[in-house]
Each structure stands twice: as C-alpha cells, then as structure tokens.
Amino acid sequence: FRAGYSDDTGNELVDEGEDQGGPRRQWLDRACRYFISSDLFMSPAEDAAHLEFKSQGGQGQGGQGGRASRGIIVPSPEPVCQCVQEDWTEQFELFGCVIGFALLNKETVPVHFGHNFLRSVFGLKTDTADLLPLLEHVDKTLHTKLTYILSGAYAELGDTLQDVLEQCHLPKTFVVSESHCQELVRSTPLLEGGDSMEVTEENKEKFVQLLLDRILISGVANQVQYFQRGLLRVVPHELVQRITGIMSVKEIELMLCGADGIDVDDWEKHTEYENGYSADSKVVRWFWEAVRAMPEHMRAQLLSFSTGSSQVPSGGFRFLQPELFTIQRVGVTDRFPAAHTCANTLDLPEYTSKEVLEQHLRFALEETGDSFGLR
C-alpha cells in the first residue's frame, strides 16, 4: 500500500515507503466502514421496518449513516438495494473481496455480521425449519415480537392477534415491509396473493415461518451470492472449506471481527514502554486514567490512531501484530501525540499535567480522522 496525497495544484504526491501492516489495517478499517455506512447494509436493531420510524435527516433510510460499527450488520433487503444503488451487485462483490483480503492477511475488521449472513457466505448448513433461534442474534426485538405472537399470551390480556400485529408494527396480511419508505420500496408478498390473505390464529405459524425465511434466507440470497463471489476471488475455495470444516459461525465471527469491546486492563497489561517510560511513570499513569475515562467509541479511535485498526484481536491485546502496543517517551511538552501504526507505537510527550495530556490526546484523535501515514 502507498498513501497518496495531492497538492494545491492537483499534482499527486506519493508517500513512498514499505507497508509493514499499518496502512493495510487503516485501509481495511476505512473500506469496511464505507460499505456498512451505505444503505446496502442495515443494523436491524436501528433500521428494521418493524421499528417505529424516527427521522434522522440525511442518514439514509432509517438513519444508517450514523450507525455504530459494533452493532450487528446484515444486507438490506434486495428491493432496497435495487432502489438505492444501481451497481449494488458489484458493491457486494467488492466488499467480499475486501473481507477475503482481510482473512488472508489475518486482519480483523470493524463489522459484526449477522450469523445468518455468515452462515450463508461460508456455506454452513442452516435449519430452515427452525429459523426463530437464528433471528435472536440478528434482531432481538423482532424475535421477542414473533415469540409473543406464537405463544398467544396476548389473549389473556384481552388483545386480539390483529391488535398485537398493529402494536408490533407488523403486517396484518402475508406481506413483509422491507423499508420505512413505502413510496420507493413497496411491501413484498410472502406468497402468491399474500397481500389479500389475512393473518389469523390458524395460519400465524405459517406467516412467521415465511417471514423468517424472507428476512434471513431468500430476501438476502442474491446479496450473499455476490458477496461470496468476491470472497472466493481472493480466498481459495479449499481454504474456505477448511474453515467451515473446523469452525462454528461464532468462531468465524471472532476470527473476522476480533474481540467485542476494548478491555483497558488487558490493553495496559500487554503494553511495552520505551525511551525512558515505564508502567510507573507519572505521564503513563495519567494516560491510562484518561483511557479509562473515555467512552467506548473514543477508545476505538485511540486504538485505530495507534495501530491502524479499531478492532482487538480475538485473543486479546497479547496477539496484536506485528508487535505489542508500545508507548514511547518524547522529551518535549508542546507537541501532540503521534503514532507509528506499522509498529503499534504511540509517541507520548512528557506533559506537565493530566489535563494537558487529555486536551492534546483528544485533539489528536479528533483532528487526524481517517488520515494515513505518520500521525
């Protein structure tokens, strides 16, 4: 990888140098965030059509532009993909290539895919006769609603099935609403004539089964096909077969996405110090106090700033590659922190107070954004 820049006249300036992992990790991190921030993907916990819609201006259908990277991500329904992007098939194939590249290079990515999607992409068998448990990992809210409908417990409260469907923002006929924007994406019948077939106590199990199949299997089949095509363009089919032969879907997710959340104690335990700093240095203690006080998203920013990736390896910080996280002393007080992502090293000046350290660290994280190279 090379980091490219342009001067004021548009002439390209190239930062020549050997990529030892930093730019690669940064590129993978940014590329994945680009794809999941588009309307081709959704977070069921935030964007599903059965949730009450709250407009969040300018963030796509259901506010996807501000989506947290650590939520469960699945492809948007095919009618939505067709509506929002003409080249959606190429985009899914390209994203598959990106994930394949990460897999070959043993890098983690900031995307937690739904298990139904991962199972289909990697060719793991899915029990289509019992999809409700699989839904729980993807969309806990819808899982709760459908479980309640199947139980019939609402009758004890004097409610009818039609009352409950309305309260749950679910269709009363055999159709599925796949977008909040009904003007652009119409409801899809779950079977022929489904738009005129009312959901009743007698057929509600069939309705739930067809709805689950549409959400988890048939409604994303083409997205899976193109994503898988991209993955296999990069990763040999034999390797994918070996992975699925020895790993469960949870283990595949852990391999791709790394650990969920950032354990500061583990981070501090597996940190090395150079150029005069030690674990007992005053500035180092201030640094870890500041990290512990950070919200989760800012800790991820700091990890990305220092290593090029916002994800923690599946086994924790002791498996950080190519080296452990390192804090290096800089004997000045008027500079901002800098990072060498290829070596997972943070240059931390010898600040005069904890407050100054926090101000300079916050500024460095907020201002560098997605920049490449020395930070």
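Select Ile-327 and Leu-346: Ile-327 stands opposite Leu-346 in strand 11. This is a predicted model, in which local features need pLDDT of at least 70, side-chain atom pairs count only at pLDDT 80 or more, and totals for chains, interfaces and linings use all residues. Residues are numbered from 1 along each chain as its sequence is written, and side-chain values use heavy atoms, with hydrogens and water left out.

**Stop 1: strand 11 and its partners**

Color residues 345-349, which form strand 11. Helices (H or I, at least four residues) and strands (E, at least two) are DSSP runs, numbered from the N terminus. Strand 9 (residues 325-330) runs parallel to strand 11, joined by five bridges. Two strands pair if DSSP finds at least two bridges between them.

Click Ala-339; its bridge partner in strand 11 is Leu-346.

Is strand 11 buried or exposed? Five of its five residues are buried, so the rest of the structure largely encloses it. Buried means under 20% relative accessible area, exposed over 50%, and partly exposed in between (1.4 Å probe, protein chains only). In a regular strand the side chains alternate between the two faces of the sheet. Thr-345, Asp-347 and Pro-349 are buried on one side, and Leu-346 and Leu-348 are buried on the other.

Step across to strand 8 (residues 271-274). It pairs with strand 9 in the parallel sense over four bridges. Here Glu-274 stands opposite Gln-328 in strand 9.

**Stop 2: Arg-299**

Select Arg-299 in helix 15 (residues 296-307). Arg-299 is buried, with a relative accessible area of 15%. What does its side chain reach? The backbone oxygen of Arg-292, at 2.9 Å. Show the residues around Arg-299: not counting those up to four places away in sequence, it touches Ile-262, Val-264, Trp-267, Val-291, Arg-292 and Met-294. Contact means heavy atoms within 4.5 Å.

**Stop 3**

Move to helix 4, residues 88-104. It has 17 residues and reaches 24 Å from its first C-alpha to its last, close to the 24 Å expected at 1.5 Å a residue. That expected span is 1.5 Å times one less than the number of residues. Helix 4 is mostly covered, with 13 of its 17 residues buried. Just after the helix, Lys-106 takes a positive phi of about 55°.

Next, show Phe-95, Ile-99, Val-111, Phe-113, Phe-122, Phe-227 and Leu-256. Of the 36 residues in the largest nonpolar core, these touch the most other members. A nonpolar core is a set of buried Ala, Val, Leu, Ile, Met, Phe, Trp, Tyr and Cys residues joined through side-chain atoms within 4.5 Å. Which helix gives the most to this core? Helix 4, with seven residues.

Center on Phe-227. Leaving aside neighbours within four places in sequence, its contacts include Phe-92, Phe-95, Ile-99 and Phe-113. A second, separate core has 32 residues, among them Val-264 and Ala-339.

**Stop 4**

Finish at an open sheet of three strands, order 3-4-5, with mixed pairing. Strand 3 (41-42) and strand 5 (112-113) stand at the edges, each with a single partner strand, so one side of each has no neighbour in the sheet. Two bridges join strand 4 (residues 72-75) to strand 5, which run parallel. Select Ile-73; its bridge partner in strand 5 is Phe-113.

Conventions: A polar contact is a pair of N or O atoms within 3.5 Å; within protein, one must be able to donate a hydrogen and the other to accept it, and residues adjacent in sequence count only if both atoms are side-chain atoms.
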